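Student: Could you walk me through this structure? I have not seen it before.

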Amino acid sequence: MAEKGDTSSNSQGVGQFLTNFVSEVVQSPVNVILVGVIAFLVYKIVKSKTKSEEPVPEIKELPKLRRDFTVQELKAYDGRGPDGRVLIAVNGSVYDVTKGSRFYGPGGPYAEFGGRDASRGLATFSVGPGKDEYDDLSDLNTTEMNSVKEWEEQFKEKYDYVGKLLKPGETPTSYSDEEDEGSQQETESKSKND
Ligand code: HEM
C-alpha cells in the first residue's frame, strides 16, 4: 500500500513543485523579466537555427581585413553592408565575426554587438547597444574585466583578428606592407614569426 501511495505522491510532488515554482517566479517582477529575457534569447537562437528555408544571405569568403578601427568606423560593419561583413571589438581588439552572422548579423540574438565594442555587454552579461563613443572600461571591476578577457580568448580562437580598436586620437597602425597583393601567405608566416 505504501508503494502504491508512493507513485501518486511522487507525481503529486512534481505537480506541487511546479505550482510552487511558478508562483515563486510570478511573485517577483525581476523573475518575470528574467524569464522573459531567457525565453526571448532562446527563441531568437532557435529561430536563427531553424530558418534554413529562407534565402540565408550567402556567407561568402570575404577577403581578410587587416586594419585598425575607430568606434565610428566599426559601426559600418554590422552585417547590413553590401558584403554582409560583421566586426566586433572585444577588449580593444577587432574580430571579423562574419562566419557567426547568425549570432551577430541583423536579426541575430546578439545583433546589438555587431559593428560595436561588445566588451561592456559581455562583461555585464547584457545584450544592449552599449556606449556610442569609445569605452575605456575603466569602471569595470576585476571580475568583469576577467570575464571580458575570457570572452576575448573565445573570439581569438574562433574568429580572425582584424586590428585594434583605436582610442580617441590614436593613430592607426599601417599594415600596408603586409597587405601587398600576392604576398598574403608570406605575410601570414611573417606575422606568426613576429
Ligand atoms: C539566458 C539566456 C541565454 C541563453 C539561453 C543563451 C544561449 C546561448 C547558446 C545556446 C549559445 C551557443 C549557440 C551555438 O553555438 O550554436 C550562445 C552563444 C553566445 N551567447 Fe548566449 N545565451 C544567453 C544569454 C546571453 C547573454 C546575456 C549574452 C551577452 C553577454 C550572450 C552572449 C553570447 C555570445 C557572445 C555567444 C557566442 C556566439 C559565438 O559563438 O560567436 N548570451 N548563447
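Tutor: What follows is a short talk through the fold and the ligand site.

Tutor: This is a predicted model, in which local features need pLDDT of at least 70, side-chain atom pairs count only at pLDDT 80 or more, and totals for chains, interfaces and linings use all residues. Residues are numbered from 1 along each chain as its sequence is written.

Student: How many helices and strands are there in the protein?
Tutor: The protein has seven helices and four strands, where helices (H or I, at least four residues) and strands (E, at least two) are DSSP runs numbered from the N terminus. Their order from the N terminus is α-α-α-β-β-α-β-α-α-β-α.

Student: And which helix gives the most to the shell around the ligand?
Tutor: That is α2, with four residues; α2 (29-50) and α5 (119-124) each supply at least two.

Student: Which residues come nearest to the ligand?
Tutor: Of the 13 residues around the ligand, Ile38, Leu41, Gly100, Phe103 and Phe125 come nearest, a residue being near if its C-beta atom, placed from the backbone, lies within 6 Å.

Student: Why does the ligand lie between the two domains?
Tutor: Domain 1 (2-53) and domain 2 (71-173) both give residues to the shell around the ligand, so it lies between them; the domain bounds come from an automatic or database domain assignment.

Student: Changing topic, where does UniProt place the "transmembrane region"?
Tutor: The unreviewed UniProt entry places that feature at residues 25-43, though such annotations may be inferred rather than shown by experiment. In the model, the span 25-43 is 95% helix and 0% strand, and its end C-alpha atoms lie 20 Å apart.
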